[in-house]
Amino acid sequence: MPPLSRHPRASARALRLAGALAVALVVLLSAGAVVAVREGRAAGLLPERSWGPWTATRIEAWSTHVRVNTWGDAAQAEIHFGKAEDLTLHAYGKTARATSMMQPTVFTLTPDGKLTARRLSAP
């Protein structure tokens, strides 16, 4: 039976190098996933139990419900104007904005869960 390699030391060295590269790749991908979750970029992938409770408040005639993620930099808001209009905001790592159609109001949600509203002036 012929030998598998002319240089057994070179094969062992190549296997060690391939193993080290595989381990480095796994470590880098894991670190990237952790950073993505912490910055809020992957908040849609977080488990339901990582979200805090919904807090209900009112802003003028609008009813609002906000919750903040405890694992990452993310918040969600549901905003209702009776049954006439519903808005949903997802602040995953950056501020989210939405404008209502019923009463021209701009809602802003920050990743830490702060929801603000600014009424637009009539044209």
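From the N terminus on, the elements of this protein chain run α-β-β-β-β-β-β-β. In other words, the chain has 1 helix and 7 strands. Please keep in mind throughout that we are looking at a predicted model.

Let me turn to the sheet. Four of the strands form an open sheet in the order β1-β2-β3-β4, and the pairing is antiparallel. The strands β1, residues 55-59, and β4 stand at the edges with a single partner strand each, so one side of each has no neighbour in the sheet. On average, and with direction ignored, neighbouring strands of this sheet are turned by 20 degrees against each other.

I shall take the pairs one at a time, starting with β1 and β2. These two strands pair in the antiparallel sense over 5 bridges. Within this pair, Thr 57 stands opposite Thr 64 in β2. The side chains of Thr 64 and Thr 57 also make a polar contact, at 2.6 Å.

Is Thr 64 buried or exposed? Its relative accessibility is 0%, and buried means under 20%, so Thr 64 counts as buried.

The loop between β1 and β2 holds Glu 60. What is the phi of Glu 60? It is near 55 degrees, a positive value in a residue other than glycine. Glu 60 has a relative accessibility of 56%, and exposed means over 50%, so Glu 60 counts as exposed.

The next pair for us is β3 and β4. These strands run antiparallel and are joined by 8 bridges. His 80 stands opposite Asp 86 in β4. The hairpin of β3 and β4 has 3 residues between the strands, and there Gly 82 takes a positive phi near 60 degrees.

Please look along β4 itself, where the side chains alternate. Glu 85, Leu 87, Leu 89 and Ala 91 point to one face and are buried.

In soluble globular proteins, nonpolar side chains tend to be buried together. In this model, the largest nonpolar core has 15 residues, and those with the most contacts inside it are Ile 79, Leu 89, Phe 107, Leu 109 and Leu 115. Which strands each supply at least two residues of this core? They are β2 (62-68), β3 (74-81), β4 (85-92), β5 (96-99) and β6 (105-109). The largest share, 4 residues, comes from β3.

Ile 79 deserves a moment of its own. Not counting residues up to four places away in sequence, Ile 79 touches Trp 62, Ser 63, Thr 64, Glu 85, Asp 86, Leu 87, Leu 89, Phe 107 and Leu 115.

Finally, some totals for the chain. Of its 123 residues, 29% are buried. The chain exposes about 8700 Å², and carbon and sulfur atoms supply 62% of that area. Among contacts with a separation of 6 or more, 27% involve residues 24 or more positions apart.

Notes: Residues are numbered from 1 along each chain as its sequence is written. This is a predicted model: local features need pLDDT of at least 70, side-chain atom pairs count only at pLDDT 80 or more; totals for chains, interfaces and linings use all residues. Side-chain values use heavy atoms; hydrogens and water are left out. A nonpolar core is a set of buried Ala, Val, Leu, Ile, Met, Phe, Trp, Tyr and Cys residues joined through side-chain atoms within 4.5 Å. Buried means under 20% relative accessible area, exposed over 50%, partly exposed in between (1.4 Å probe, protein chains only). Contact means heavy atoms within 4.5 Å. Accessible areas come from the Shrake-Rupley method with a 1.4 Å probe; for residues, only the protein chains shown count as cover. Two strands pair if DSSP finds at least two bridges between them. Axes are lines fitted to C-alpha atoms, for helices over the stretch in contact, and angles run from 0 to 180 degrees between N-to-C directions. A polar contact is a pair of N or O atoms within 3.5 Å; within protein, one must be able to donate a hydrogen and the other to accept it, and residues adjacent in sequence count only if both atoms are side-chain atoms.
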